[in-house]
Amino acid sequence: MSASQIVASRTGEVPTLLVKVFGKDRPGITAGLFDTLGAFQVDVVDIEQVVTRGRLVLCALVTQPADGMEGDLRSTVHSWAESMKMEAEIISGHGDNRPRGVGRSLVTVLGHPLTARSTAAIAARIAGTGGNIDRIFRLAKYPVTAVEFAVSGVETAPLRTALAASASALGVDIAVVSAGLHRRAQRLVVMDVDSTLIQDEVIELFAAHAGCAAEVAEVTAAAMRGELDFEQSLHARVALLRGLDASVVDKVREEVRLTPGARTLIRTLKRLGYQVGVVSGGFTQVTDALRERLGLDFAHANTLEIVDGELTGRVTGEIVDRAGKARLLRRFAAEAGVPLSQTVAIGDGANDLDMLNAAGLGVAFNAKPVVREAAHTAVNFPFLDTVLYLLGISREEVEAAQTHDED
(Lines give C-alpha, C1' and ligand atoms only; values in the text may rest on other atoms or scores of the structure.)
Protein backbone atom coordinates (compact mmCIF):
# COMPACT_ATOMS: atom_id res chain seq x y z
CA MET A 1 0.00 0.00 0.00
CA SER A 2 1.43 3.39 -0.96
CA ALA A 3 1.73 6.31 1.44
CA SER A 4 -1.27 7.99 -0.17
CA GLN A 5 -3.31 4.80 0.15
CA ILE A 6 -2.40 4.51 3.83
CA VAL A 7 -3.58 8.07 4.45
CA ALA A 8 -6.73 7.39 2.45
CA SER A 9 -7.46 4.19 4.39
CA ARG A 10 -7.30 6.12 7.65
CA THR A 11 -9.81 8.65 6.35
CA GLY A 12 -12.13 5.93 5.09
CA GLU A 13 -11.57 6.52 1.35
CA VAL A 14 -9.99 3.21 0.23
CA PRO A 15 -12.39 0.34 -0.53
CA THR A 16 -11.76 -2.57 1.83
CA LEU A 17 -13.15 -6.04 2.48
CA LEU A 18 -13.85 -7.49 5.91
CA VAL A 19 -13.24 -11.24 5.64
CA LYS A 20 -14.60 -13.24 8.57
CA VAL A 21 -13.99 -16.97 9.02
CA PHE A 22 -15.46 -19.00 11.86
CA GLY A 23 -15.66 -22.64 12.87
CA LYS A 24 -13.73 -25.33 14.73
CA ASP A 25 -10.19 -24.21 15.54
CA ARG A 26 -7.18 -26.22 14.45
CA PRO A 27 -3.63 -25.50 13.25
CA GLY A 28 -3.28 -23.99 9.78
CA ILE A 29 -6.50 -21.97 9.52
CA THR A 30 -4.85 -18.55 9.74
CA ALA A 31 -2.04 -19.51 7.36
CA GLY A 32 -4.55 -21.00 4.95
CA LEU A 33 -6.75 -17.90 4.84
CA PHE A 34 -3.91 -15.50 4.19
CA ASP A 35 -2.37 -17.84 1.64
CA THR A 36 -5.71 -17.74 -0.17
CA LEU A 37 -5.93 -13.94 0.05
CA GLY A 38 -2.29 -13.58 -1.01
CA ALA A 39 -3.14 -14.84 -4.48
CA PHE A 40 -5.08 -11.61 -5.03
CA GLN A 41 -2.24 -9.29 -3.90
CA VAL A 42 -4.31 -7.53 -1.24
CA ASP A 43 -2.76 -5.69 1.71
CA VAL A 44 -3.67 -6.42 5.32
CA VAL A 45 -5.17 -3.43 7.13
CA ASP A 46 -6.21 -5.15 10.38
CA ILE A 47 -6.50 -8.61 11.95
CA GLU A 48 -8.49 -9.89 14.91
CA GLN A 49 -8.64 -13.49 16.08
CA VAL A 50 -10.23 -15.13 19.10
CA VAL A 51 -10.77 -18.73 20.16
CA THR A 52 -13.52 -19.60 22.64
CA ARG A 53 -14.13 -23.21 23.67
CA GLY A 54 -12.39 -24.45 20.56
CA ARG A 55 -14.34 -22.23 18.17
CA LEU A 56 -12.35 -19.76 16.10
CA VAL A 57 -13.44 -16.36 14.83
CA LEU A 58 -10.84 -14.81 12.51
CA CYS A 59 -11.38 -11.39 10.95
CA ALA A 60 -9.11 -9.88 8.31
CA LEU A 61 -9.60 -6.37 6.96
CA VAL A 62 -7.87 -6.17 3.57
CA THR A 63 -7.72 -3.77 0.65
CA GLN A 64 -10.00 -4.43 -2.28
CA PRO A 65 -8.29 -6.50 -5.01
CA ALA A 66 -7.63 -5.23 -8.52
CA ASP A 67 -10.59 -4.32 -10.71
CA GLY A 68 -12.66 -7.30 -11.67
CA MET A 69 -11.06 -9.63 -9.11
CA GLU A 70 -13.39 -9.17 -6.14
CA GLY A 71 -15.82 -11.81 -7.37
CA ASP A 72 -13.00 -14.32 -7.80
CA LEU A 73 -11.67 -13.51 -4.33
CA ARG A 74 -15.07 -14.08 -2.76
CA SER A 75 -15.57 -17.35 -4.58
CA THR A 76 -12.08 -18.61 -3.75
CA VAL A 77 -12.36 -17.74 -0.05
CA HIS A 78 -15.74 -19.43 0.27
CA SER A 79 -14.44 -22.55 -1.52
CA TRP A 80 -11.39 -22.68 0.74
CA ALA A 81 -13.53 -22.24 3.87
CA GLU A 82 -15.87 -25.03 2.77
CA SER A 83 -12.88 -27.34 2.19
CA MET A 84 -11.78 -26.62 5.77
CA LYS A 85 -15.31 -27.18 7.11
CA MET A 86 -15.43 -23.50 8.10
CA GLU A 87 -17.88 -20.71 7.31
CA ALA A 88 -16.91 -17.42 5.71
CA GLU A 89 -18.49 -13.99 5.41
CA ILE A 90 -17.16 -11.10 3.32
CA ILE A 91 -18.40 -7.53 3.75
CA SER A 92 -17.51 -4.59 1.49
CA GLY A 93 -16.75 -1.19 2.95
CA HIS A 94 -14.30 1.69 3.04
CA GLY A 95 -11.22 2.40 5.12
CA ASP A 96 -10.15 1.13 8.51
CA ASN A 97 -11.99 0.94 11.83
CA ARG A 98 -13.61 4.16 12.94
CA PRO A 99 -11.32 6.28 15.15
CA ARG A 100 -11.68 5.50 18.84
CA GLY A 101 -12.99 8.23 21.09
CA VAL A 102 -10.80 10.27 23.40
CA GLY A 103 -9.92 8.45 26.59
CA ARG A 104 -8.50 4.95 26.93
CA SER A 105 -9.17 2.77 29.95
CA LEU A 106 -8.86 -0.85 30.94
CA VAL A 107 -11.67 -2.24 33.08
CA THR A 108 -10.83 -5.47 34.89
CA VAL A 109 -13.74 -7.42 36.36
CA LEU A 110 -13.27 -10.26 38.86
CA GLY A 111 -16.20 -12.57 39.55
CA HIS A 112 -16.76 -15.89 41.30
CA PRO A 113 -18.83 -16.57 39.34
CA LEU A 114 -19.07 -13.84 36.71
CA THR A 115 -22.75 -13.91 35.79
CA ALA A 116 -24.48 -12.79 32.61
CA ARG A 117 -26.52 -10.35 34.70
CA SER A 118 -23.48 -8.64 36.17
CA THR A 119 -21.73 -8.51 32.78
CA ALA A 120 -24.79 -6.90 31.21
CA ALA A 121 -24.97 -4.31 33.98
CA ILE A 122 -21.27 -3.44 33.63
CA ALA A 123 -21.55 -3.09 29.85
CA ALA A 124 -24.64 -0.90 30.24
CA ARG A 125 -22.91 1.32 32.79
CA ILE A 126 -19.92 1.75 30.45
CA ALA A 127 -22.27 2.73 27.63
CA GLY A 128 -24.07 5.13 29.95
CA THR A 129 -20.85 7.07 30.49
CA GLY A 130 -20.40 7.45 26.73
CA GLY A 131 -17.71 4.77 26.63
CA ASN A 132 -17.38 2.17 23.91
CA ILE A 133 -16.10 -1.38 24.52
CA ASP A 134 -13.42 -1.97 21.90
CA ARG A 135 -12.20 -5.37 23.02
CA ILE A 136 -12.83 -7.99 25.70
CA PHE A 137 -10.23 -10.49 26.85
CA ARG A 138 -10.32 -13.18 29.54
CA LEU A 139 -7.31 -13.05 31.85
CA ALA A 140 -8.17 -16.01 34.08
CA LYS A 141 -10.77 -18.67 34.66
CA TYR A 142 -9.62 -19.72 38.15
CA PRO A 143 -9.54 -19.21 41.08
CA VAL A 144 -11.80 -16.40 39.84
CA THR A 145 -13.03 -15.40 36.40
CA ALA A 146 -11.10 -12.28 35.36
CA VAL A 147 -12.13 -10.36 32.26
CA GLU A 148 -10.60 -7.20 30.84
CA PHE A 149 -12.58 -4.62 28.83
CA ALA A 150 -10.69 -2.11 26.68
CA VAL A 151 -12.83 1.04 26.70
CA SER A 152 -12.54 4.28 24.74
CA GLY A 153 -14.57 7.48 24.56
CA VAL A 154 -14.57 8.37 28.25
CA GLU A 155 -11.85 9.50 30.65
CA THR A 156 -10.67 7.06 33.30
CA ALA A 157 -11.75 9.00 36.43
CA PRO A 158 -15.48 9.34 35.61
CA LEU A 159 -15.57 5.76 34.32
CA ARG A 160 -14.04 4.50 37.57
CA THR A 161 -16.57 6.51 39.60
CA ALA A 162 -19.50 5.16 37.58
CA LEU A 163 -18.42 1.53 37.87
CA ALA A 164 -17.37 1.63 41.52
CA ALA A 165 -20.97 2.06 42.60
CA SER A 166 -21.98 -1.07 40.67
CA ALA A 167 -19.36 -3.50 41.94
CA SER A 168 -20.67 -4.30 45.40
CA ALA A 169 -24.29 -4.67 44.30
CA LEU A 170 -23.28 -7.01 41.49
CA GLY A 171 -21.00 -9.17 43.63
CA VAL A 172 -17.90 -8.45 41.54
CA ASP A 173 -14.67 -6.51 41.91
CA ILE A 174 -13.94 -3.85 39.31
CA ALA A 175 -10.66 -2.02 38.66
CA VAL A 176 -10.39 0.85 36.17
CA VAL A 177 -6.97 2.08 35.11
CA SER A 178 -5.73 4.28 32.31
CA ALA A 179 -4.56 2.30 29.29
CA GLY A 180 -1.13 2.76 27.81
CA LEU A 181 2.45 1.63 28.18
CA HIS A 182 2.68 2.87 31.78
CA ARG A 183 0.28 0.16 32.94
CA ARG A 184 2.80 -2.57 32.22
CA ALA A 185 5.57 -0.26 33.42
CA GLN A 186 4.32 -0.38 37.03
CA ARG A 187 7.48 -1.78 38.57
CA LEU A 188 6.95 -1.36 42.30
CA VAL A 189 4.31 -3.06 44.44
CA VAL A 190 4.15 -2.20 48.15
CA MET A 191 1.79 -3.97 50.51
CA ASP A 192 0.68 -3.97 54.09
CA VAL A 193 1.58 -7.06 56.13
CA ASP A 194 -1.01 -7.87 58.79
CA SER A 195 -4.23 -9.26 57.23
CA THR A 196 -2.81 -8.57 53.77
CA LEU A 197 0.46 -10.39 53.10
CA ILE A 198 -0.25 -12.62 56.09
CA GLN A 199 -3.52 -13.84 57.59
CA ASP A 200 -2.64 -12.75 61.11
CA GLU A 201 -2.32 -9.60 63.19
CA VAL A 202 1.21 -10.02 64.55
CA ILE A 203 0.60 -8.11 67.75
CA GLU A 204 -2.26 -10.49 68.53
CA LEU A 205 0.11 -13.44 68.16
CA PHE A 206 2.43 -11.81 70.72
CA ALA A 207 -0.56 -11.02 72.93
CA ALA A 208 -1.65 -14.67 72.95
CA HIS A 209 1.71 -15.54 74.53
CA ALA A 210 1.33 -12.67 77.02
CA GLY A 211 -2.19 -13.71 78.04
CA CYS A 212 -3.80 -10.45 76.92
CA ALA A 213 -5.19 -11.46 73.52
CA ALA A 214 -8.74 -10.18 74.10
CA GLU A 215 -7.63 -6.73 75.21
CA VAL A 216 -5.24 -6.31 72.28
CA ALA A 217 -7.74 -7.60 69.70
CA GLU A 218 -10.33 -5.08 70.85
CA VAL A 219 -7.93 -2.16 70.46
CA THR A 220 -6.67 -3.48 67.08
CA ALA A 221 -10.18 -3.73 65.65
CA ALA A 222 -11.02 -0.19 66.69
CA ALA A 223 -7.80 1.14 65.17
CA MET A 224 -8.36 -0.66 61.85
CA ARG A 225 -11.87 0.79 61.67
CA GLY A 226 -10.36 4.24 62.01
CA GLU A 227 -11.95 4.86 65.40
CA LEU A 228 -8.65 5.30 67.25
CA ASP A 229 -5.40 7.11 66.50
CA PHE A 230 -2.99 4.43 65.31
CA GLU A 231 0.06 5.63 67.25
CA GLN A 232 -1.85 5.82 70.52
CA SER A 233 -3.37 2.40 69.96
CA LEU A 234 0.04 0.94 69.10
CA HIS A 235 1.60 2.19 72.33
CA ALA A 236 -1.37 0.93 74.32
CA ARG A 237 -1.17 -2.55 72.83
CA VAL A 238 2.62 -2.87 73.03
CA ALA A 239 2.55 -1.81 76.69
CA LEU A 240 0.55 -4.97 77.40
CA LEU A 241 3.51 -7.06 76.21
CA ARG A 242 5.87 -5.76 78.87
CA GLY A 243 7.93 -8.51 80.50
CA LEU A 244 7.33 -11.07 77.73
CA ASP A 245 10.40 -13.26 77.13
CA ALA A 246 12.21 -12.40 73.87
CA SER A 247 12.24 -16.10 72.89
CA VAL A 248 8.59 -15.58 71.92
CA VAL A 249 9.78 -13.76 68.79
CA ASP A 250 10.91 -17.03 67.21
CA LYS A 251 7.62 -18.69 68.11
CA VAL A 252 5.60 -15.87 66.54
CA ARG A 253 7.65 -16.06 63.34
CA GLU A 254 6.76 -19.74 63.07
CA GLU A 255 3.07 -19.05 63.71
CA VAL A 256 2.73 -16.46 60.92
CA ARG A 257 0.55 -17.74 58.07
CA LEU A 258 0.92 -16.32 54.58
CA THR A 259 -2.28 -15.29 52.84
CA PRO A 260 -3.28 -17.77 50.09
CA GLY A 261 -1.69 -16.62 46.85
CA ALA A 262 0.99 -14.50 48.54
CA ARG A 263 3.90 -16.57 47.29
CA THR A 264 2.42 -16.72 43.81
CA LEU A 265 1.92 -12.95 43.75
CA ILE A 266 5.49 -12.20 44.78
CA ARG A 267 7.13 -14.86 42.60
CA THR A 268 5.20 -13.70 39.54
CA LEU A 269 5.96 -10.03 40.11
CA LYS A 270 9.65 -10.74 40.66
CA ARG A 271 9.79 -12.94 37.58
CA LEU A 272 8.27 -10.12 35.52
CA GLY A 273 10.78 -7.57 36.76
CA TYR A 274 8.76 -5.82 39.48
CA GLN A 275 10.24 -4.73 42.79
CA VAL A 276 8.18 -5.67 45.83
CA GLY A 277 8.16 -4.25 49.33
CA VAL A 278 6.18 -4.23 52.56
CA VAL A 279 5.36 -1.54 55.09
CA SER A 280 3.84 -2.49 58.39
CA GLY A 281 2.50 -1.07 61.59
CA GLY A 282 3.74 -4.37 63.02
CA PHE A 283 7.29 -5.21 63.91
CA THR A 284 10.67 -5.64 62.25
CA GLN A 285 11.17 -8.79 64.29
CA VAL A 286 8.68 -10.39 61.86
CA THR A 287 8.96 -8.30 58.68
CA ASP A 288 12.73 -8.78 58.43
CA ALA A 289 12.18 -12.54 58.46
CA LEU A 290 9.48 -12.22 55.80
CA ARG A 291 11.78 -10.11 53.65
CA GLU A 292 14.42 -12.83 53.68
CA ARG A 293 11.93 -15.66 53.30
CA LEU A 294 10.11 -14.14 50.30
CA GLY A 295 12.95 -12.27 48.63
CA LEU A 296 11.40 -8.84 49.11
CA ASP A 297 13.25 -5.74 47.95
CA PHE A 298 12.02 -3.39 50.70
CA ALA A 299 10.64 -3.81 54.21
CA HIS A 300 9.99 -1.34 57.01
CA ALA A 301 8.08 -1.62 60.28
CA ASN A 302 8.15 -0.64 63.94
CA THR A 303 10.67 -2.30 66.26
CA LEU A 304 9.84 -3.85 69.61
CA GLU A 305 12.35 -2.78 72.26
CA ILE A 306 14.08 -5.73 73.94
CA VAL A 307 16.26 -5.25 77.04
CA ASP A 308 17.88 -8.06 79.05
CA GLY A 309 15.99 -10.69 77.07
CA GLU A 310 12.52 -9.22 77.68
CA LEU A 311 10.12 -6.97 75.83
CA THR A 312 9.97 -3.58 77.54
CA GLY A 313 6.47 -2.72 76.32
CA ARG A 314 7.86 0.05 74.10
CA VAL A 315 8.81 0.51 70.45
CA THR A 316 11.92 2.25 69.22
CA GLY A 317 12.46 4.65 66.34
CA GLU A 318 9.97 6.50 64.17
CA ILE A 319 6.46 5.08 64.28
CA VAL A 320 5.12 3.58 61.05
CA ASP A 321 1.57 4.91 61.06
CA ARG A 322 -0.89 5.94 58.35
CA ALA A 323 1.18 8.93 57.15
CA GLY A 324 4.39 6.97 57.62
CA LYS A 325 3.28 4.26 55.21
CA ALA A 326 2.69 6.85 52.49
CA ARG A 327 6.11 8.38 53.14
CA LEU A 328 7.72 4.97 52.88
CA LEU A 329 5.94 4.26 49.60
CA ARG A 330 7.42 7.48 48.20
CA ARG A 331 10.85 6.59 49.56
CA PHE A 332 10.77 3.09 48.12
CA ALA A 333 9.64 4.48 44.76
CA ALA A 334 12.52 6.98 44.73
CA GLU A 335 15.03 4.27 45.62
CA ALA A 336 13.61 1.96 42.95
CA GLY A 337 13.60 4.74 40.34
CA VAL A 338 9.87 4.30 39.75
CA PRO A 339 7.49 7.27 39.34
CA LEU A 340 4.82 7.31 42.04
CA SER A 341 2.15 7.14 39.32
CA GLN A 342 3.50 3.72 38.36
CA THR A 343 3.34 2.14 41.80
CA VAL A 344 0.78 -0.25 43.27
CA ALA A 345 -0.17 -0.31 46.96
CA ILE A 346 -2.20 -3.04 48.66
CA GLY A 347 -3.74 -2.87 52.13
CA ASP A 348 -6.77 -3.58 54.26
CA GLY A 349 -6.95 -1.09 57.13
CA ALA A 350 -7.63 2.58 57.71
CA ASN A 351 -3.92 3.17 58.37
CA ASP A 352 -3.24 2.07 54.76
CA LEU A 353 -5.43 4.76 53.18
CA ASP A 354 -2.78 7.43 52.64
CA MET A 355 -0.54 4.86 50.97
CA LEU A 356 -3.37 3.53 48.79
CA ASN A 357 -4.32 7.02 47.64
CA ALA A 358 -0.71 8.05 46.99
CA ALA A 359 -0.01 5.08 44.70
CA GLY A 360 -0.81 4.96 41.02
CA LEU A 361 -3.16 2.08 41.83
CA GLY A 362 -4.43 1.52 45.36
CA VAL A 363 -6.00 -1.89 46.02
CA ALA A 364 -8.14 -2.54 49.10
CA PHE A 365 -7.70 -6.25 49.85
CA ASN A 366 -10.55 -7.82 51.82
CA ALA A 367 -10.70 -4.45 53.50
CA LYS A 368 -12.89 -2.65 55.99
CA PRO A 369 -15.80 -0.66 54.45
CA VAL A 370 -14.10 2.71 54.99
CA VAL A 371 -11.07 1.48 53.03
CA ARG A 372 -13.06 -0.11 50.19
CA GLU A 373 -14.94 3.12 49.66
CA ALA A 374 -11.79 5.27 49.51
CA ALA A 375 -9.41 3.06 47.50
CA HIS A 376 -9.09 3.03 43.71
CA THR A 377 -10.37 -0.54 43.61
CA ALA A 378 -11.16 -3.42 45.93
CA VAL A 379 -10.51 -7.16 45.85
CA ASN A 380 -12.86 -9.16 48.02
CA PHE A 381 -11.60 -12.65 47.23
CA PRO A 382 -9.31 -14.44 49.73
CA PHE A 383 -6.52 -14.98 47.21
CA LEU A 384 -3.78 -12.34 47.13
CA ASP A 385 -2.62 -13.35 43.66
CA THR A 386 -5.89 -12.11 42.14
CA VAL A 387 -4.28 -8.66 42.33
CA LEU A 388 -2.13 -9.79 39.38
CA TYR A 389 -5.15 -9.68 37.09
CA LEU A 390 -5.69 -6.02 37.93
CA LEU A 391 -2.22 -5.43 36.47
CA GLY A 392 -3.19 -7.14 33.21
CA ILE A 393 -1.18 -10.28 34.02
CA SER A 394 -2.96 -13.38 32.73
CA ARG A 395 -3.25 -16.77 34.44
CA GLU A 396 -1.02 -18.24 31.73
CA GLU A 397 1.73 -15.74 32.61
CA VAL A 398 1.30 -16.56 36.30
CA GLU A 399 1.70 -20.28 35.66
CA ALA A 400 4.69 -19.67 33.39
CA ALA A 401 6.39 -17.68 36.17
CA GLN A 402 5.83 -20.51 38.66
CA THR A 403 7.19 -23.10 36.22
CA HIS A 404 10.29 -20.97 35.65
CA ASP A 405 10.92 -20.80 39.38
CA GLU A 406 10.69 -24.58 39.68
CA ASP A 407 13.18 -25.19 36.83
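1. Helix α2 passes helix α3 in a right-handed crossing (the near helix is turned clockwise from the far one by less than a right angle). The axes of α2 (residues 29–38) and α3 (residues 70–83) come within 10 Å and cross at roughly 155°, which makes α2 roughly antiparallel to α3 (an angle over 145 degrees). In α2, I29, G32, L33, T36 and L37 meet L73, T76, V77 and W80 of α3 (heavy atoms within 4.5 Å).

2. This is a predicted model, in which local features need pLDDT of at least 70 and side-chain atom pairs count only at pLDDT 80 or more. Residues are numbered from 1 along each chain, and side-chain values use heavy atoms, without hydrogens or water.

3. Helix α5 (residues 156–170) has 15 residues and spans 21 Å from its first C-alpha to its last, close to the 21 Å expected at 1.5 Å a residue. At L163, α5 bends by about 25° (the angle between axes fitted to the seven residues ending there and the seven starting there). Just after α5, G171 has a positive phi of about 70°.

4. The buried residues of α5 are T156, L159, A162, L163, S166, A167 and L170 (under 20% relative accessible area, 1.4 Å probe, protein chains only). Their cover includes the strands β5 (104–111), β7 (145–152) and β8 (173–178), as well as helix α4 (116–128).

5. α4 packs against α5 at about 160°, with the axes 10 Å apart; α4 is therefore roughly antiparallel to α5. This crossing of α4 and α5 is right-handed. R117, S118, A121, I122, R125 and I126 of α4 meet L159, A162, L163, A165, S166 and L170 of α5.

Note on methods: Helices (H or I, at least four residues) and strands (E, at least two) are DSSP runs, numbered from the N terminus. The expected span of a helix is 1.5 Å times one less than its number of residues. Buried means under 20% relative accessible area, exposed over 50%, partly exposed in between (1.4 Å probe, protein chains only). Axes are lines fitted to C-alpha atoms, for helices over the stretch in contact, and angles run from 0 to 180 degrees between N-to-C directions. Angles under 35 degrees count as roughly parallel, over 145 as roughly antiparallel, 65 to 115 as roughly perpendicular and the rest as oblique.
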